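Please examine the sequence and the model shown here. The paragraphs that follow lead through selected regions of the structure.

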Amino acid sequence: MQQIISFLFNNKYFLLFLFFEIIALSLTVQSHSFHRSKFINSSNYITGSLYNNFNTFNNYLNLKEDNKELSEENVRLKNLLSKKTLLDSTSTYSVLDSSIYNQEYTYINAKIINNEYAKSNNYLTINKGLNDSISSDLGVITNKGIVGVTNNTSGRFATVISILNENSKINARLLKNHHFGTLVWNSMDYKTIQLEDIPRQANIVIGDTIITGGKSTIFPEGIMVGIISNFNIKNNQYEKIDITLFNDMSSIKHINVITNLNKLEIKTLEQKND
């Protein structure tokens, strides 16, 4: 204890200078949007590099599990490919008909190098960024369901607003019909999110499947979300609908980032209405 006090006393002027320097830097970043943007990008780069190094070592310890997950994904893709081949062979249309096979989305694979799920506003960090054509407001999914939406980006990394975030609002609907609602999170359980604004005439039951609604330029329609595990009715309206996620948000690793190729055209057209 005496040594600590002696160190603080001997370096009091330097520590005081350092204290005021931090305050000045903080005020500069908060009061200037340009400095704040540079600070966020620099922070993303530094923390992203640290997370990436730690994740590289951690991945080495989990190669067996990763290989199993990739193997299961390959089987699923082969099954989808076989179904498409069967459809093409029985169809009267040419596979090269651009009016039928017009590509709307591209998918970029990435790996999660930091995953938060225990806070009220959770974020993830992935190992792809601007250099890989990752920008903000892109959908992030796994082969089991939705994960979140990209937020800030640096050259080699990007952060993702998790669906386990109080600010997250994602359009979704019932698989069995076309009644739409909004996915939110009450920050209570990382395995469960909530569905709001579903009309009473939807006639939901426990076990109903929820998918993305496709009413935005972020997620395609039909991405899996989860199943209804509980709901309450008050004043003849659904007050609370709990959705158990297909994704285990505490252990996700490999993700896909979705880009809507028609996003710019759609946004430009919609802005004309304003």
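A nonpolar patch on the surface is formed by Phe14, Leu15, Phe17, Leu18 and Ile22, which together have about 490 Å² of accessible area. Patches are made of residues with over 30% relative accessible area and no salt bridge, with like charges joined within 9 Å and nonpolar side chains (Val, Leu, Ile, Met, Phe, Trp, Tyr) within 5 Å. A salt bridge is a side-chain nitrogen of Lys or Arg within 4 Å of a carboxyl oxygen of Asp or Glu, and accessible areas come from the Shrake-Rupley method with a 1.4 Å probe, where for residues only the protein chains shown count as cover. Leu18, one of the patch residues, is located in helix H2 (residues 12-31). Helices (H or I, at least four residues) and strands (E, at least two) are DSSP runs, numbered from the N terminus. Leu18 counts as partly exposed because its relative accessibility is 38%; buried means under 20% relative accessible area, exposed over 50%, and partly exposed in between (1.4 Å probe, protein chains only).

The model is predicted, so that local features need pLDDT of at least 70 and side-chain atom pairs count only at pLDDT 80 or more, while totals for chains, interfaces and linings use all residues. Residues are numbered from 1 along each chain as its sequence is written, and side-chain values use heavy atoms, with hydrogens and water left out.

The largest nonpolar core contains 42 residues, and Ile146, Leu183 and Ile210 have the most contacts inside it. Such a core is a set of buried Ala, Val, Leu, Ile, Met, Phe, Trp, Tyr and Cys residues joined through side-chain atoms within 4.5 Å. Beyond its neighbours within four places in sequence, Ile210 is in contact (heavy atoms within 4.5 Å) with residues including Ala172, Leu183, Leu195, Val225 and Ile243.

Strand pairing comes next; two strands pair if DSSP finds at least two bridges between them. E10 and E11 run antiparallel and are joined by eight bridges, among them the one between Asn232 and its partner Lys240 in E11. These two strands form a hairpin with two residues between them. Asn235, in the turn, has a positive phi of about 55°. Most residues other than glycine have a negative phi. Asn235 counts as exposed because its relative accessibility is 70%.

E11 (residues 237-245) is also joined to E8 by three bridges, again in antiparallel orientation. Gln194 has Asp242 in E11 as its bridge partner. Thr192 lies in E8 (residues 192-196) and counts as buried because its relative accessibility is 12%. Apart from residues up to four places away in sequence, Thr192 touches Trp185, Asp242, Ile243 and Thr244.

Which loop holds Ser187? Ser187 is found between strand E7 (180-184) and E8. Its phi is near 65°, a positive value in a residue other than glycine, and Ser187 is partly exposed at 27% relative accessibility. Ser187 is one of the contacts of Ser120, together with Leu164, Asn165, Glu166 and Trp185, leaving aside neighbours within four places in sequence. Ser120 itself lies in the loop between strand E1 (105-115) and strand E2 (121-126). The C-alpha atoms of Ser120 and Met188 are separated by 8.1 Å, although these residues are 68 residues apart along the chain.

Gly222 occupies the loop between strand E9 (209-212) and strand E10 (224-234). With a relative accessible area of 36%, Gly222 is partly exposed. Gly222 touches Ile211 and Thr212, not counting residues up to four places away in sequence.
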